[in-house]
Amino acid sequence: MVSYLVFSLSFSTKNGEIVCEQLRITFSDNNIGLITENDIEQFLKARNLHPVGKKVKDIRAVEIERALNAKEVVKSAEFFITPSGVSRIRITQRIPKFRVFPNNGNSYYIDTERNIVRTRSNHASYLPIVSGNVSFEMASGELFDFVEFLKRNTFWNAQIKQIYVRADRQIELVPRVGDSIILLGTLDDYQSRLEKLRRLYINAFNTIGWNRYQILDLRFRGQIVGVRN
């Protein structure tokens, strides 16, 4: 036992003198793209935490993990050093659900856990867009549920490309097909109102065309009011 402890301490001391010559960064999902390897490298350099060029014993592993885990785009970060002195970081990013462009501030994402995620990176994959008079409370609350409904519904997931919130909190929907704006109104009972419109799209607009009306107003109980171009 004594011999083992002496060997372990000697091995640890020798490893501590090894100079880190490489940092390898991996992502659990490369398709998200809210943060890049270069973003992480620059982030660590700005805080004097970048491990390359430092002896292993001088690398502040705990601080590196703590700093990375504090970033909004990061769900979890793990840092470790191999016996050869290679530093490795494994990043799990937050998964964006939709992007918000509020009237009174910079854009941000809402992730799948209802968290706000601010980043300068431009997420390339398709995401629903919410714009207008949007507060964080609204984005992470009733709008989150509404976006989830649209995503689960095959028809509306393919049809709606943008959600706009007016100053009076009335909701407008911008469809992918046709030039009409859908005036949904409030988010009360939106499922039944959208179902009426879905049937109208399928049974009528496929025949008479998609550009007959400028506005499709769903705010009235039991009917859809079309405003002509």
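**Entry 1: the pocket**

I sorted the lining of the largest pocket by class and got four nonpolar, three polar and five charged residues. For the classes I count Ala, Val, Leu, Ile, Met, Phe, Trp, Tyr, Cys and Pro as nonpolar, Asp, Glu, Lys and Arg as charged, and the others, Gly among them, as polar. The model is predicted, and local features need pLDDT of at least 70, side-chain atom pairs count only at pLDDT 80 or more, and totals for chains, interfaces and linings use all residues. Residues are numbered from 1 along each chain as its sequence is written, and side-chain values use heavy atoms, with hydrogens and water left out.

**Entry 2: the cavities**

I searched the whole structure for cavities (sets of points where a 1.4 Å probe fits but cannot get out) and found two of 30 Å³ or more. The largest cavity holds about 80 Å³. Its lining includes Tyr126, Pro128, Val147, Trp156 and Gln162. Helix H5 (142–152), helix H6 (154–159) and strand S8 (160–165) each give two or more residues to this lining; helices (H or I, at least four residues) and strands (E, at least two) are DSSP runs numbered from the N terminus. S8 contributes the most, four residues. By class I have eight nonpolar, two polar and two charged.

The second largest cavity is about 30 Å³. I listed Arg193, Lys196, Leu218, Phe220, Gly222, Gln223 and Ile224 as its lining, which divides into three nonpolar, two polar and two charged.

**Entry 3: H2 against H3**

I looked up how helix H2 (residues 37–46) packs on helix H3 (residues 61–69): the angle is about 120 degrees and the axes are 11 Å apart. Axes are lines fitted to C-alpha atoms over the stretch in contact, and angles run from 0 to 180 degrees between N-to-C directions. The contact (heavy atoms within 4.5 Å) is made by Ile40, Phe43 and Leu44 of H2 with Ile64, Ala67 and Leu68 of H3.

Key:
On a 1 Å grid over the protein atoms alone, a cavity is a set of points where a 1.4 Å probe fits but cannot get out, and a pocket is an open set with protein on both sides within 12 Å along at least five of seven lines; lining residues have an atom within 4 Å of a point. Grid points are joined across faces, edges and corners, and a volume is the space filled by probe spheres set on the points.
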